[in-house]
Amino acid sequence: MSQERTDGDLRNTGLSLKHDREWDYELDRIVEAVEERDAEKVGLQFPEGLKRRGPAVADDLRENLPDDVTVLLSGQPCYGACDLDTYMMRRTDVFVHFGHSPMKESDKIIYVPLFSNVDVFPIMEQAREEQLADPEEDPDVGLVTTAQHMNKFDEMREWLEERGYTVHTRRGDERLTHEGQVLGCNYASADVDADQMLYVGGGKFHPLGLAMEHPEKHVVIADPVNNVVTVADTEKFMKQRYGAVHRAMDAESWGVIFCTKIGQGRWDKAQEIVDNNENAYLITMDEVTPDRLTNFGMDAYVNTGCPRITTDDGPQFKKPMLTPGEYEIAIGEKPLDSLEFDTFKGTW
């Protein structure tokens with residue numbers, strides 16, 4: 001690695017981020033795969049938040065690979081294991097996807113989940129003191145986390161059990177790799193016999209989706225990266241979604257988006273909507289953004305791709321952007337109180 005880089009030797013420790021979190025890029029495994037396949041081209045795909053680390057990883061790989069091996073970095077947007085750069089995959093001998101656990105096993109893909117080394121137990125202790133019921137009152141607690149913290153999952157479970165809790169976990173469906181894992185589009189692992197759920201991980205989207213899909217549960221968020229304990233509150237989110245549905249009720253023209261990303265397509269759902277609405281038009285897209293939709297001039301849109309496009313980015317779109325379930329409410333096929341979180345079941 002060049003002397004200008006101050007982030008540490010990736011082969012030993014991974015790159016240190018601003019919040020003192022380090023990743024293991026499993027470079028030895030990648031080098032071994034290159035040797036086994038006599039590879040000439042290696043493709044690296046990083047999620048958006050880690051793309052800036054790509055050049056440093058490429059540097060370390062090139063130091064350990066033959067000079068005639070080319071290392072490519074994917075510039076395509078990447079938000080999950082369902083969001084693979086298939087163009088790069090077809091044109092490289094080894095394709096490495098960083099930051100997510102496998103959604104579907106493949107000999108063509110090396111998944112490097114980038115486990116976090118953040119100590120989760122101080123924030124779990126705070127969550128236990130502030131938000132979880134005393135085990136003598138309610139010992140049952142469900143435990144979920146994201147791919148980045150799965151390396152600590154067994155320790156998390158044991159930690160709770162040592163404090164008197166009965167910990168409930170499950171794998172969910174085939175879209176999920178690990179027991180207790182949740183995705184931004186799938187919360188099947190939270191379908192356990194416990195009224196309180198402990199989510200250990202960063203961000204609010206995952207626990208918000210969990211709370212939406214399981215409104216009967218008390219969802220406690222223990223965020224070890226930002227060092228904060230909160231409770232998932234769906235009220236603001238629900239008001240936003242109800243507002244989008246109301247604005248779409250008078251729509252005369254609908255754009256129905258079919259996402260061409262490998263793990264996000266729901267063709268049958270998109271086709272069903274278009275077949276039953278003469279004012280609906282099927283639009284295929286890989287990356288769904290407000291600017292790309294503006295030129296179509298539709299009154300409203302239905303997104304059959306990743307639910308996070310609708311829920312995370314919904315307010316940025318100039319016209320109402322609905323999930324398939326919200327669309328059914330807007331056209332009068334379902335009552336307003338049937339609004340629920342849109343999730344993906346199974347894999348592609």
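This is a chat about the fold of one predicted protein model.

Me: Before I start, what kind of model is this, and how are residues numbered?
Reply: The model is predicted, so local features need pLDDT of at least 70 and side-chain atom pairs count only at pLDDT 80 or more, while totals for chains, interfaces and linings use all residues. Residues are numbered from 1 along each chain as its sequence is written, and side-chain values use heavy atoms, with hydrogens and water left out.

Me: OK, how many helices and strands does the protein chain have?
Reply: The protein chain has 11 helices and 13 strands, where helices (H or I, at least four residues) and strands (E, at least two) are DSSP runs numbered from the N terminus.

Me: And what share of the residues is buried?
Reply: Of the 348 residues in the protein chain, 53% count as buried; buried means under 20% relative accessible area, exposed means over 50%, and partly exposed lies in between, with a 1.4 Å probe and protein chains only.

Me: Which strands make up the sheet that contains β1?
Reply: That open sheet has 4 strands in the order β2-β1-β3-β4, with parallel pairing, and two strands pair if DSSP finds at least two bridges between them. Its edge strands are β2 (70-73) and β4 (109-112), each of which pairs on one side only. Neighbouring strands of this sheet are turned by 20° against each other on average, direction ignored, with axes being lines fitted to C-alpha atoms, for helices over the stretch in contact, and angles running from 0 to 180 degrees between N-to-C directions.

Me: How many bridges join β3 to β4?
Reply: Strand β3 (residues 94-98) is joined to β4 by 4 bridges, and the two run parallel; F98 has V112 as its bridge partner in β4. There are also 4 bridges between β1 and β3, again parallel, and in β3 the bridge partner of V42 is V94.

Me: Why is β3 described as largely enclosed?
Reply: 5 of the 5 residues of β3 are buried, so this strand is largely enclosed by the rest of the structure. V94, V96 and F98 point one way from β3, whereas F95 and H97 point the other way. In general, side chains in a regular strand alternate between the two faces of the sheet.

Me: What does helix α1 lie across?
Reply: Helix α1 (residues 27-37) lies across β1 (41-45), β3 and β4, and runs at about 170° to β4. Helix α2 (residues 54-64) packs on the sheet too, touching β1, β2 and β3, and its direction makes about 170° with that of β2; contact here means heavy atoms within 4.5 Å.

Me: Switching topic, which residues have the most contacts inside the largest nonpolar core?
Reply: They are V144, M197, L210, W254 and L322, in a core of 37 residues. A nonpolar core is a set of buried Ala, Val, Leu, Ile, Met, Phe, Trp, Tyr and Cys residues joined through side-chain atoms within 4.5 Å. Elements that each supply at least two residues of this core include β7 (196-200), α6 (205-213), β10 (254-259) and α8 (267-275).

Me: Last one: is H214 buried or exposed?
Reply: H214 is buried, with a relative accessible area of 7%, and its place is in the loop between α6 and β8. Leaving aside its neighbours within four places in sequence, H214 is in contact with Y187, A190 and D191.
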